[in-house]
Amino acid sequence: MILTKCPVRIGIAGGSTDIDPFIEKHGRGSVINFPINVYSHIFLHKDVLGYNTIKNKYTINYSIREEVSTIGEIQNDVVNAVLGYFDVVPCWVTMTSDVFAVGSGLALSSSYMNSLVKAVSLLKGIEMSNYEVSRLAMTLERQFNPLLGYQDTYGCGMGSLKRIDIERGKMPKITYLNTELFYNFDMYLVYTNVNRSSTNVLKTISVKDDSLLHLVDDMEECIQNSLFDRFIKTIEEGWRLKKKTSPMIIQNEVVKNIDETLSKNPNVLCHRLSGAGNGGFFMVFAKKGLNPTDIHSKLHVKKVSMNHEGVTGVKHES
């Protein structure tokens, strides 16, 4: 029996520069992000006298249940890709998460991909670093999500606050950053009650210059030197520039109204929508010691913290 979990990620600078169209045009991309204490979970097991060993069935449990005879019949894209790559014999795969829906803007599908790659590597006795897990997870997810950005699998799979630099034709470079600045505020997720396809949003994004890359440099300087006020202004500027990359980023009226409400809230230092946009969760940086209702009185608000481990797993011998 194998249990794995992987956090979801929050991006704070450089989003949209980590996808291939931008990298092809500008030669490089760069993001700053970190995972939080919100997770996907995988339970992987091969039974002794049941569906796997006697009926030779793969049993996949998530929002639905699949029982199939071959990997090719598995409808879940993540499970199909990972079990196919490793040529896994019939087994049980159960998937659950702290986020109830894909389309959250938190890279949940990449979190699941990392979790399952980690689980199967433990099953097979293959030693893989979190960087290697994230690299393979990205390769496999791109089979069904070609617009996947580098910040998703690497952002989820590798813990703590980091800058991810991507140059055309090279593997991503990870630079860990100082987290001292983050003791000055609390962080919250605010759910918009709107889910969307990130692929549909990403298809509309147009970044005409490299201003988002310069913003990453500014953000790194703020973090490394604990420049609190400038950090807040840089988050605000990044969100302003992000909204200009596509009319779909904040097209939904519900999302637009929440954005305006958060902007007027004196308890909110700064905020931005997580992920591609047009739904999912707002990430809010707020004054310390507040109640969730101080952030928004009508929506689901969860206080979160930074994860420093990335994807993890444990194998229990039967």
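**Entry 1: the cores**

I began with the largest nonpolar core, which has 65 residues, and found that Ile12, Phe34, Leu83, Val117, Phe182, Phe231 and Phe285 touch the most other members. Helix H3 (residues 108-124) gives the largest share of this core, seven residues. A second, separate core holds 18 residues, including Val190, Trp239, Phe282 and Val301. By nonpolar core I mean a set of buried Ala, Val, Leu, Ile, Met, Phe, Trp, Tyr and Cys residues joined through side-chain atoms within 4.5 Å, where buried means under 20% relative accessible area, exposed over 50% and partly exposed in between (1.4 Å probe, protein chains only). Helices (H or I, at least four residues) and strands (E, at least two) are DSSP runs, numbered from the N terminus.

I note that the model is predicted, that local features need pLDDT of at least 70 and side-chain atom pairs count only at pLDDT 80 or more, while totals for chains, interfaces and linings use all residues. Residues are numbered from 1 along each chain as its sequence is written, and side-chain values use heavy atoms, with hydrogens and water left out.

**Entry 2: Phe34 and Asn33**

I listed the contacts (heavy atoms within 4.5 Å) of Phe34, not counting residues up to four places away in sequence, and among them are Val8, Ile10, Ile12, Phe182, Met187, Met283 and Met306. I then turned to Asn33, which is found in strand E2 (residues 28-45) and counts as buried at 0% relative accessibility. Which backbone oxygen lies 3.1 Å from a polar atom of the Asn33 side chain? I found that it belongs to Gln151, and for such polar contacts I require a pair of N or O atoms within 3.5 Å; within protein, one must be able to donate a hydrogen and the other to accept it, and residues adjacent in sequence count only if both atoms are side-chain atoms. Asn33 also touches Gly155, Ser160, Leu161, Lys162 and Ile164, among others.

**Entry 3: helix H5**

Gln151 and Gly155 are both on the list of buried residues of H5, together with Tyr150, Asp152, Thr153, Tyr154, Cys156 and Gly157. Eight of the eight residues of this helix (residues 150-157) are buried, so I describe H5 as largely enclosed by the rest of the structure.

**Entry 4: helix H2**

I looked up Val78 in helix H2 (residues 77-86) and saw that it counts as buried at 7% relative accessibility. A side-chain oxygen of Asn76 reaches to within 3.1 Å of the backbone nitrogen of Val78 at the start of H2, and just after the helix Asp87 takes a positive phi of about 55°. The buried residues of H2 are Val78, Val79, Ala81, Val82, Leu83 and Phe86, and their cover includes strand E3 (58-61), strand E5 (92-97), H3 and H4. For Val78 itself, I recorded contacts with Met95, Ser109, Tyr112, Met113, Leu116 and Phe144, not counting residues up to four places away in sequence.

**Entry 5: Glu132**

A polar atom of the Glu132 side chain lies 2.8 Å from the backbone nitrogen of Ser129. Glu132 and Met158 are 26 residues apart along the chain, and I noted a separation of 10.0 Å between their C-alpha atoms.
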